[in-house]
Amino acid sequence: MDPNNENRKVRKTPQYALYQRHNFWESNKGETPLFDTNPGQLEEQAKAKLTQNGWFYSSSNAGQSHTHTADRQASYCHRIIPRMLVDTNKRDTKTSIFGHQVNAPIGFAPVGINRIYHPQGELPVARAAGGLGLPYALSTAGSQPIEDVGAANDAGAAASNDGSRSAVRFFQLYMPHDDALTRSLLQRAVDSGFTACILMLDTWQLGWRHDDVATSNYAFYHDPKTQPNEAGAMWIDNVWHGRAHTWEKAVWAMRLWKQLSEGKPFCLKGIQSVGDARKAVGYGFDGIVVSNHAGRQVDGAVASLDALEKIVEVVGDKTYVMYDSGIRSASDVIKALALGAQFV
């Protein structure tokens, strides 16, 4: 792309065409990019770089990984029909989520134990999200304190070209069976400036991941600094406790968050059925995330993209519908948006 193209002044996000142009020029200096952006190539690099246990934790899905396969197949089966000769020169990807301006309808999904991939864990990712003006989601399973992640996210936003922008971030809650621990986590998220809370519904008990079980591999047994094995066991038994939550308990968590945060949004993640989507609307949740956890919890589940179509038809105008699962490219994002998701 011509770097003097007028549409560059309109856009608020980095343009891949300029990145492409930069990399094509690198050969003139005898250089090539540091990595291949093909998701499959990145996956291969991760497998080569990580320890065996790190790779198993990051890549294992429930059972035979058929749900993950279904996600990819669903995206493959939905096809884009391009339209030509449309004036898109002043296109912009800005949107709003829960009243906050963001630079695109995409955000950083919550990923646990980032220290597997980087010594600073979630901090560099949170900074990058803030700098890009995109929402960042922190998992309860993060490997850095909630407060530090919030500060890093703010620092990224402050250091961006638009220094006046405030960071937008979500706290994804794995709800413990200990109510005092739930309150503590939510209070810390509120005090650290998190914009909304997203309750993860499908992980009150861990799915069966063959490689992790076969290698006695669970990073939480080794992450804490003091008495790591004992602390890890206590954490697992409190958060992935095997006690099924109910709709009433989810409402309790929403009310607690609203009380602590003075009314900030509370959403449910893991919705796959139309019936559950209807219930979420009926109980007054601010939004839902149509997600099958990328296949990490239930083997043989419906593809999220297929679930999305049906859910949007029924509740798409009654709640804020977000989407997660199997996203590997911008075309995947476009398909989810075209099928009715408001944010990916």
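This is a predicted model: local features need pLDDT of at least 70, side-chain atom pairs count only at pLDDT 80 or more; totals for chains, interfaces and linings use all residues.
1. Arg 296 sits in the loop that runs between β7 (287-290) and α12 (304-315).

2. The surroundings of Arg 296 are worth a look on your screen. Beyond its neighbours within four places in sequence, Arg 296 is in contact with Tyr 57, Ser 58, Ser 59, Ser 60, Asn 61, Ala 62, Gly 207 and Arg 209. With Tyr 57 there is also a polar pairing: a polar atom of the Arg 296 side chain lies 2.9 Å from the backbone oxygen of Tyr 57.

3. Next comes Arg 209, found in the loop between β5 (196-200) and α8 (210-214). Is Arg 209 buried or exposed? Its relative accessibility is 5%, so Arg 209 counts as buried. Again leaving aside neighbours within four places in sequence, Arg 209 is in contact with Ser 60, Asn 61, Ala 62, Arg 296 and Gln 297.

4. The entry is unreviewed, and its "binding site" annotation covers Tyr 57, Tyr 174, Arg 209, His 293 and Arg 296.

5. On to the charged pairs: the count of salt bridges comes to eleven. One of them joins the side chains of Arg 328 and Glu 43, at 3.5 Å from N to O. Arg 328 belongs to the loop between β8 (320-323) and α13 (330-338), while Glu 43 is in helix α2 (residues 39-49), so this pair ties together parts that are 285 residues apart in sequence. Arg 328 is partly exposed at 33% relative accessibility, and Glu 43 is partly exposed at 35%.

6. Asp 179 and Lys 249 form another salt bridge, with their closest N and O atoms 2.7 Å apart. Here two helices are involved: Asp 179 lies in α7 (residues 179-191) and Lys 249 in α10 (residues 247-261), so the bridge ties together parts 70 residues apart in sequence. Asp 179 counts as partly exposed, with 32% relative accessibility; Lys 249 is partly exposed too, at 21%.

7. Finally, please look at Asp 92 and Lys 94, whose side chains meet in a salt bridge with an N to O distance of 2.3 Å. Asp 92 is partly exposed, with a relative accessibility of 28%, and Lys 94 is partly exposed with a relative accessible area of 39%.

Definitions and conventions:
Residues are numbered from 1 along each chain as its sequence is written. Side-chain values use heavy atoms; hydrogens and water are left out. UniProt positions are given in the numbering used here, feature names are shortened, and annotations may be inferred rather than shown by experiment. Helices (H or I, at least four residues) and strands (E, at least two) are DSSP runs, numbered from the N terminus. Buried means under 20% relative accessible area, exposed over 50%, partly exposed in between (1.4 Å probe, protein chains only). Contact means heavy atoms within 4.5 Å. A polar contact is a pair of N or O atoms within 3.5 Å; within protein, one must be able to donate a hydrogen and the other to accept it, and residues adjacent in sequence count only if both atoms are side-chain atoms. A salt bridge is a side-chain nitrogen of Lys or Arg within 4 Å of a carboxyl oxygen of Asp or Glu.
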